[in-house]
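Subject: Structure for your files

Hello,

The structure is pasted below, with my notes after it. Please read the notes with the coordinates open.

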Amino acid sequence: MFEMLPNYWTPVLPVSELGESPVSVTLAGEQIVLFRTQSGEIRALRDRCSHRSVALSLGRVTPSGCLECPYHGWQFNGDGACVHVPFNDVNKINLSGLAVSSFPSQVIAGCVWVFTGEGEPSAVQIPHSLKLPNTAYYIHREIWNTHWTRVIEANLDFVHLPFVHRESFGQIAQSALERGEVLKFQVRDDCARIEVLTPYENVPPTFALEWHQPNLVVVKFDDMGFPVKREHFFAVPINEHQTQCTIILQMGEGMDTQIQQFAAQEFIKPLVEDRVVVESQLGEIPTMAEECHVPTDKPTLLFRRWYHQTIARQLVLS
Ligand code: FES
Ligand SMILES: [Fe+2]
């Protein structure tokens, strides 16, 4: 399962969107149902009944906190175990053979995160800016019709700023462009992380892009005096052709809620200007031998190398 993104933690839904009814999400080609148990804990199961493959998300949560299939009423607990089969003598059924797959889940920075594997999950590896207590996070989501790897590359790319973002923040690169400057990036890479420090002289040296394995790019606006401290752009694969772009903004302290909302919305607008060009690309990033490369492609080429050495290779082996 989850061949497109196996064995990673990733955000799938703002926690505010999960009430009393189950919610279905598609993650890396798999349907998952999220629901709350009696104690309010969030659980994630495969959204397919083990009986006749009906979507469990069409069912309801029982007063005892189980998920009841809408077809014949089988009930599954938060671990995916089948605990009730109506009209049948439970002594004549092996209930343990009727379970559905369950996936580890937890809430981080206002989102429900799911581990894309079964069994014991690895520890979640996320930047500290997503773990701060008493911090307001603003979440924006939209679906882009492209492979998730193209979205990561767009977010790791400094060179497109004065073109795609000509009317917005791309202006910071305008003078360098006009001078015909040859950009030299400072790139630090340790396989799980790629950091690209700004090549532009008119922004603080703390401004940087940082990719975190597998599908997160953080933009650090440290020391720039913005209402947003950091942008966390997750490219969450829905399937081979669609990506759930999930942007989590770490807001500055002490802001009025309404001003915060307004500032966040204004901040998001230019961030999604890439959509048109990225959707015009040809799906999944190809191997290094394909497409043409120049020195300023170094950050994205590092990502390509990692992707083809890890995830794409797993696809080949499976
Ligand atoms: S399909 Fe779910 S109980 Fe029959
Ligand atoms: Fe962009």
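The centres of domain 1 and domain 2, taken over C-alpha atoms, are 33 Å apart. The assignment places domain 1 at 9-115 and domain 2 at 128-317; such bounds come from an automatic or database domain assignment. Twelve residues from domain 1 and eleven residues from domain 2 make the contact, where two residues are in contact if their C-beta atoms, placed from the backbone, lie within 7 Å. On the side of domain 1 that touches domain 2, β1 (9-14) and β2 (23-27) each supply at least two residues. β1 gives the most to that side, with four residues. The residues of that side of domain 1 divide into eight nonpolar, four polar and no charged. Here Ala, Val, Leu, Ile, Met, Phe, Trp, Tyr, Cys and Pro count as nonpolar, Asp, Glu, Lys and Arg as charged, and the others, Gly among them, as polar.

This is a predicted model, in which local features need pLDDT of at least 70 and side-chain atom pairs count only at pLDDT 80 or more, while totals for chains, interfaces and linings use all residues. Residues are numbered from 1 along each chain as its sequence is written, and chains are lettered from A and ligands numbered from 1 in the order in which they are written. Helices (H or I, at least four residues) and strands (E, at least two) are DSSP runs, numbered from the N terminus.

Strands and hairpins

An open sheet of four strands runs in the order β5-β6-β7-β8, with antiparallel pairing; strands pair if DSSP finds at least two bridges between them. β5 and β8 (82-84) are at the edges with a single partner strand each, so one side of each has no neighbour in the sheet. Between β5 and β6 (residues 67-68) there are two bridges in the antiparallel sense, and V61 stands opposite L67 in β6.

β10 (residues 105-108) and β11 (residues 111-115) pair in the antiparallel sense over four bridges, with Q106 opposite W113 in β11. They form a hairpin with two residues between them, and A109 in the turn has a positive phi of about 50 degrees.

β13 (residues 186-189) and β14 (residues 193-197) also pair in the antiparallel sense, over four bridges. D189 stands opposite I194 in β14. Three residues lie between the strands of this hairpin, and C191 takes a positive phi near 80 degrees.

Helix α4

Helix α4 (residues 257-271) has 15 residues and spans 21 Å from its first C-alpha to its last, close to the 21 Å expected, the expected span being 1.5 Å times one less than the number of residues. A264, F267 and L271 are buried in α4. A residue is buried if 20 or more other C-beta atoms lie within 10 Å of its own, exposed if 12 or fewer, and partly exposed in between, with C-beta atoms placed from the backbone. The buried residues of α4 fall within an arc of 65 degrees seen down its axis, so they line one face of the helix; the arc is that of the directions from the helix axis to the C-beta atoms. They pack against β12 (137-144), β17 (228-237) and β18 (243-251). On the other side of α4, Q258, I259, Q265, E266 and K269 are exposed.

A loop residue

R52 sits in the loop between β4 (42-46) and β5 (60-61). R52 is exposed, with 10 other C-beta atoms within 10 Å. R52 and Y71 are 19 residues apart in sequence and 8.5 Å apart in space, C-alpha to C-alpha.

Regards
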